Amino acid sequence: MLVVDVVFWVLSAAAIGAALGVVLVKDLFRATLLLVVVFITVAGLFVMLSAEFLAVVQVLIYAGAIAILIIFAVMLTRDVQRGNLPNRIQIPAAALSALLLAALVWTAVQTPWNLIEEGDQAKVDLVQTGSVSAVTDEDLAAAGFDLRETGAVRKAGLADLLIGEFVLPFEAVSVLLLAAVIGALALVRPRIEE
Amino acid sequence: MSLENMMIVAAALFAIGLYGALARRNVLVVLMSIELMFNAVNLTLVAMARYVAPAGLAEDLARNIGGVLTGQVFAVFIIAVAAAEIALGLGIVFAMYRSSGTIDLSDATQLRN
């Protein structure tokens, strides 16, 4: 087995084990810390998938902001916590989750995915591994591109996509964040006594 | 490390998050399970961006290569939406804690009764 396979299995086992801990562990603070473990192992899996920028964003925002917010909430509601208890529908919920897992695994294994072919992999790697703007003409020629038609390659990086092809969802997410900030302010405003 | 293996890991994370969101009484555990589901979806998207060829790549790579990182762009948007959602969700948790003194979902029956 290659080292990359061993690393993948270790990260996957850690992610799934920590996720089970988040849902099943009695103490809420431990569950939150295990959630941080899930976030960081998923960031490791992103690095294995050549998505380094996304891995850093994952650690910064998920492990760095969202997990801290959840820890604040756990600490501030400490006095009424009864721990991580199951409710009445836990058996049907477990059955439904198992059924969904089986359906997803069957779909993933059965679908004939249109994978990137071996010959195109070197060209696609230029786009996938980091800063496309730093790609030189020698790299393009070494990967097999015809130097006259490289315009699309130079514009295929994340930043160009966000401001180019996906500018509408980008602006929509800005509006969503504005709505979230206004909503949060409205929720925590003190009541005006009549 | 293939596409199917990554998708199976993501499916397992999603199923565990689904169980937590459905079958737990504590509001914060439900929110954490929803974050698990978001992460599973992000993992699937990034795995597909890595392995699956966008439409038309085999025929005309130089023109259609712009679609290779679409999965990662979508994952960035999902991370932004998840951050906004957790902030508001925790605001609602605090409002619930202030008004009814509990964060147990079995006690939150005001709409039912």
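The largest nonpolar core of this predicted model has 78 residues. A nonpolar core here is a set of buried Ala, Val, Leu, Ile, Met, Phe, Trp, Tyr and Cys residues joined through C-beta atoms within 7 Å. Buried means that 20 or more other C-beta atoms lie within 10 Å of a residue's own; exposed means 12 or fewer, and partly exposed is in between, with C-beta atoms placed from the backbone. Val22(A), Val38(A), Leu13(B), Leu28(B) and Val46(B) have the most contacts inside this core. From chain A, helix H1 (3-24), helix H2 (28-48), helix H3 (52-76) and helix H5 (118-128) each give two or more residues to it. Helices (H or I, at least four residues) and strands (E, at least two) are DSSP runs, numbered from the N terminus. The core lies between domain 1 (1-84) and domain 2 (120-194) of chain A, because both give residues to it. Those domain bounds come from an automatic or database domain assignment.

Residues are numbered from 1 along each chain as its sequence is written, while chains are lettered from A and ligands numbered from 1 in the order in which they are written. As this is a predicted model, local features need pLDDT of at least 70 and side-chain atom pairs count only at pLDDT 80 or more, while totals for chains, interfaces and linings use all residues.

Two residues are in contact if their C-beta atoms, placed from the backbone, lie within 7 Å. Ala95(B) sits in helix H4 of chain B. Ala95(B) counts as exposed because it has 12 C-beta neighbours inside 10 Å.

Now the contact of the two chains. Chain A gives 82 residues and chain B gives 71 residues. On the side of chain A that touches chain B, the elements giving two or more residues include H1, H2, H3 and helix H4 (90-110). By class, that side has 61 nonpolar, 13 polar and eight charged residues. Ala, Val, Leu, Ile, Met, Phe, Trp, Tyr, Cys and Pro count as nonpolar, Asp, Glu, Lys and Arg as charged, and the others, Gly among them, as polar.

H2(B) packs on two helices of chain A. With H2(A), the angle is about 5° and the axes are 11 Å apart. That makes the pair roughly parallel. Residues of this contact include Val38(A) and Phe39(A) of H2(A), and Leu36(B) and Val46(B) of H2(B). With H3(A), the angle is about 175° and the axes are 11 Å apart. H3(A) and H2(B) are therefore roughly antiparallel. Here Leu54(A), Ile66(A), Ile70(A), Ala73(A) and Val74(A) meet Leu28(B), Leu31(B), Met32(B), Glu35(B) and Val46(B). Axes are lines fitted to C-alpha atoms, for helices over the stretch in contact, and angles run from 0 to 180 degrees between N-to-C directions. Angles under 35 degrees count as roughly parallel, over 145 as roughly antiparallel, 65 to 115 as roughly perpendicular and the rest as oblique.

Chain A has nine helices and zero strands. In the loop between H2 and H3 of chain A is Ser50(A). Ser50(A) has a positive phi of about 60°, although it is not a glycine.
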